[in-house]
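I opened my notebook to work through this one piece by piece. Here is what I looked up, in the order I got to it.

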Amino acid sequence: MTTFTEETRVRAREIIARYPADRSRSALLPLLHLVQAEEGYVSPAGVAFCAEVLGLNKAQVGAVATFYTMYKRRPTGDYLVSVCTNTMCNVLGGQEVYDTLAEHLGVGHDETTADGKITLEHAECLAACDYGPVMTVNYDFFDGVDPQGAVGVVDELRAGGRPMPTRGARLCTLKEMAVQLAGFADEREGAVADGGPGEATLRGLRLAEQHGITAPGYDPKTPIRSKAEADRAAAEAKAKAEAAKAPAPAAPAAKPEQVTGSTAPDVKAPDDKSPQVRTAETRQPDAATAVPDAPGTRVPTDGAPPATRDAQAAQAAGVAANAPAGDGKPAGDEAGAQERNLKEAEAETGAAGAGSAVASETGAKK
Ligand code: FES
């Protein structure tokens, strides 16, 4: 079993000290990168180490380590080559890049070449869709790659070279990158300033400058609240939300009064109209109010008051214009059904009229 070096133990203490004493388990993610920096992957010993220094059990650490794909469960090569095969990169040729590399290196997904140099993996979106197809080497980007270019990069790596990524710092090994991911600075001279961002990345910034938009200021010295303070704030917010939800005290019931003349208070009757009628009236305020027994009125089967022909016509007109209803709902199937009902009613009325004419003619002949 691996015994982690004193340097790793010192770094582990430094990572844990970044977090409030009662939230030390938040240090788990950087600690997993730290043990990966020493072994090249998160071994059972690495899991045990993290559990020990954080006072967790191995199952808790293992659950996190197996959730994220950046934590490797098997020994990994010096260079992790990730090829994006997700939608955007795929349509731009990402799958061809991956297939060509797999054939050239003689390895499949999550496999390492015999010389221990390259581990290949296909990735699901590397968050650089605007540069697709992309591949990364130890999380540094090679944008707009094609199969031949990708083969050139891995050949150079296997020959001991370090090709420059399209953006960001020059390449380092996966173990060195894991130290940075654990939150320690890249100490190579000028490495951080090696490569500038790409134009597609800067597009949003350019637009913001053009429109005079700036980000609000942020003071990095803003103190992190203690758990007790955070709990108190959460309890206050909860109490406030519950108070807002509580029903308002009932107002004393108003006595019905005999009202005369223009001094009558404007007391509105409760609006118990069906949504269909209200919608139709909103669309065409001049239409007649629904009358249940008006000619041509369709009686809804849901017990709602029926709409008049005028209301139905108004609704049909609204549907034709696809205008949103006054209640904020878009014209939908229900409104479409109303239109069909109206047409059927008109057809039936026409048929009935024709039938009466035939009947009266027949009667006349008798
Ligand atoms: S789809 Fe490839 S980076 Fe997003």
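I started at one end of the sheet: β2 and β3 run antiparallel and are joined by 2 bridges. Strands here are DSSP runs of E with at least two residues, helices are runs of H or I with at least four, and both are numbered from the N terminus. I counted two strands as paired if DSSP finds at least two bridges between them. Across that pairing, E111 sits opposite L120 in β3.

Next I checked what lies on the sheet. Helix α6 (residues 94–105) packs there and touches β1, β3 and β4, and its direction makes about 145° with that of β1. That angle is between N-to-C directions, on a scale from 0 to 180 degrees, with axes fitted as lines to C-alpha atoms, for helices over the stretch in contact. Contact means that the C-beta atoms of two residues, placed from the backbone, lie within 7 Å.

A note on my source: this is a predicted model, where local features need pLDDT of at least 70 and side-chain atom pairs count only at pLDDT 80 or more, while totals for chains, interfaces and linings use all residues. Residues are numbered from 1 along each chain as its sequence is written.

Then I wrote down the whole sheet. It is open, with 5 strands in the order β2-β3-β1-β4-β5 and mixed pairing. β2 (111–112) and β5 (140–142) are at the edges with a single partner strand each, so one side of each has no neighbour in the sheet.

I moved on to β1 (residues 79–84). Buried means 20 or more other C-beta atoms within 10 Å of a residue's own, exposed means 12 or fewer, partly exposed is in between, and C-beta atoms are placed from the backbone. Y79, V81 and V83 point one way from β1, while L80, S82 and C84 point the other way. I remembered that side chains in a regular strand alternate between the two faces of the sheet.

With β3 (residues 118–123) the pairing is parallel over 6 bridges, and L80 stands opposite T119. With β4 (residues 135–137) it is antiparallel, with 3 bridges, and V83 stands opposite M135.

Last, I looked at helix α1. T8, R11, A12 and I15 are its buried residues, and they pack against α2 (28–39) and α3 (44–54). The face turned away carries the exposed E6, V10, R13 and A17.
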